[in-house]
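Please look at the sequence and the structure shown below before reading on.

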Amino acid sequence: KYFIKRNTQPTTLRYREIIAVDNPVNFRVFEETGDDGECFTVMTYNVLADFLTSYYQFPYASISSRRWEDRRKKLAKEIKYYNPDIVCLQELQTVHKGSKQLRKTSDHLKFFLEKLCDYQYLYKRKSRHHGPPKDGPELGNAIFFNPDKFGYDGNREVEYEKLLYEKCEDNKGKQLYGTGNPQVALLISLRHLATGKKFIIANTHITSNFAAPYIQLMQVRMCLQEIRSLQGSGKNRIPVILAGDFNATPATAVYELLSVGTLPKDHECLEMARSLSKLPFPDVSHDLHLSSAYKTVLGEEPACTNLTHEFE
C-alpha cells in the first residue's frame, strides 16, 4: 500500500515522506510456460513473526498493516491467487502446548492449516541444542504440498545447532556454532504422480546474525550436506529445489557458495572463521549445481527483497 522515496533514510522517515496509493499493488503476472504434464509451481514466503513487525523494524508501514489480523488476509489472498502446488513458509509462528502465553500469541501455523486444508504438510520448529524450549512464540518452517500431484516418500529434519556441535572438533567451535543459533531445515522427498519422477524440496531459514557471517555460511554448508546425502548417486541421483530465507545478499559468502559451489580458501569469511576456531567444514564446497530462480528468469537478482530500518 505504500512506496518509499529512495532518497530517504528509514531511520529518519516521516509520514510526509511516504507516498500512499489508493489501490494495493497488483499481483505480479508471470509468463505461462504451458503444461506438458511435468510442470508444477513452488512458492516460498517468510511469514514474519509478530515480534519482528514493530515500528522500529518497519517505520514506513502503518500499524494496521503490521498486525497479524490484517497481514494474514493478504497472505492468504496471494497464496490463493497463485494457487501453488508447493508452499514453503519460514518464520511460521505457533505456540507449544503448555505455554503460559498460549492465549496471548497469534498462532500462524493454525491459520495456514485452515487456509491450506487441501494440502499435506510438515512443520519443523527451531530447536535449541542446549536447554529446554523457551516459553512463548515458537518459530519454524513448514512445507505444504498438493497430495493430488505428489506422493510423499519421507523427510529429514536438520537441526543446525545439534549437527554443527557434533561436527566441531574443538570447544571453541562447539560454543561458536553449536549454541545460540537454533535455526533448522526441513527436507521432503516427493514423487510427481503424473510422471513418477522424484525430487527433494528443502526449506530453511538461516540465522540473521550478520555480525557472524561464518555461522550463516556453516549452517548453509550443513544444509547442503544433508540434501546431498538424500540425493543418491549416479543415475539414481534426484534433483532438488532449495527454498528459504538465507538472510544473504549477492555480495555474501553464503550466496557465492550456493551459486558458484565453492569459496576460495582465502575468502574473507573463512579467514575470519579460522581466527576464532577450527572450521566444522574445512572443505566449503558442494556439487548440487544450484541456480537462483530469480536470476535465471530475470537475468539478475532483484534490487530489494526486504527493507527494514537497517537492512535492504
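A residue is called buried when its relative accessible area is under 20%, exposed when that area is over 50%, and partly exposed in between, as found with a 1.4 Å probe on protein chains only. By this rule K162 is partly exposed, because its relative accessibility is 34%, and E166 is likewise counted as partly exposed because its value is 48%.

The model is a predicted one, in which local features need pLDDT of at least 70 and side-chain atom pairs count only at pLDDT 80 or more, while totals for chains, interfaces and linings use all residues. Residues are numbered from 1 along each chain as its sequence is written, and side-chain values use heavy atoms, with hydrogens and water left out.

**Salt bridges**

A salt bridge here is a side-chain nitrogen of Lys or Arg within 4 Å of a carboxyl oxygen of Asp or Glu, and a search of the whole structure finds 14 of them.

| Pair | Closest N and O atoms |
|---|---|
| E166 and K162 | 3.0 Å |
| D287 and R228 | 3.1 Å |
| R237 and D287 | 3.3 Å |

Helices (H or I, at least four residues) and strands (E, at least two) are DSSP runs, numbered from the N terminus. In these terms, E166 and K162 both lie in helix α4, four residues apart, which is about one turn of the helix. D287 counts as partly exposed because its relative accessible area is 34%, and R228 is partly exposed at 25%, as is R237 at 26%. Elsewhere, K124, E157 and E159 are linked in a network of salt bridges.

Is N141 buried or exposed? N141 is placed in strand β6 (residues 137-145), and it counts as buried because its relative accessibility is 2%. Its side chain reaches the backbone oxygen of V184 at 3.0 Å. With contact meaning heavy atoms within 4.5 Å, and with residues up to four places away in sequence not counted, N141 touches residues including L89, K124, V184 and H205.

**Nonpolar cores**

A nonpolar core is a set of buried Ala, Val, Leu, Ile, Met, Phe, Trp, Tyr and Cys residues joined through side-chain atoms within 4.5 Å. The largest such core has 37 residues, of which Y160, Y177, Y214, L217, M218 and V220 touch the most other members. Among the elements giving two or more residues to this core are α4 (160-167), β8 (184-192) and α6 (213-231), and the largest share, nine residues, comes from α6. L217, leaving aside its neighbours within four places in sequence, is in contact with residues including A253, L257 and V284. A second, separate core of 17 residues includes V47, L89, L109 and L116.

**Cysteines**

How many disulfides does the structure hold? With a disulfide taken as a pair of cysteine sulfur atoms within 2.5 Å, the structure holds zero. C168 is buried, because its relative accessible area is 4%, and C223 also counts as buried, at 3% relative accessibility.

Note on methods
A polar contact is a pair of N or O atoms within 3.5 Å; within protein, one must be able to donate a hydrogen and the other to accept it, and residues adjacent in sequence count only if both atoms are side-chain atoms.
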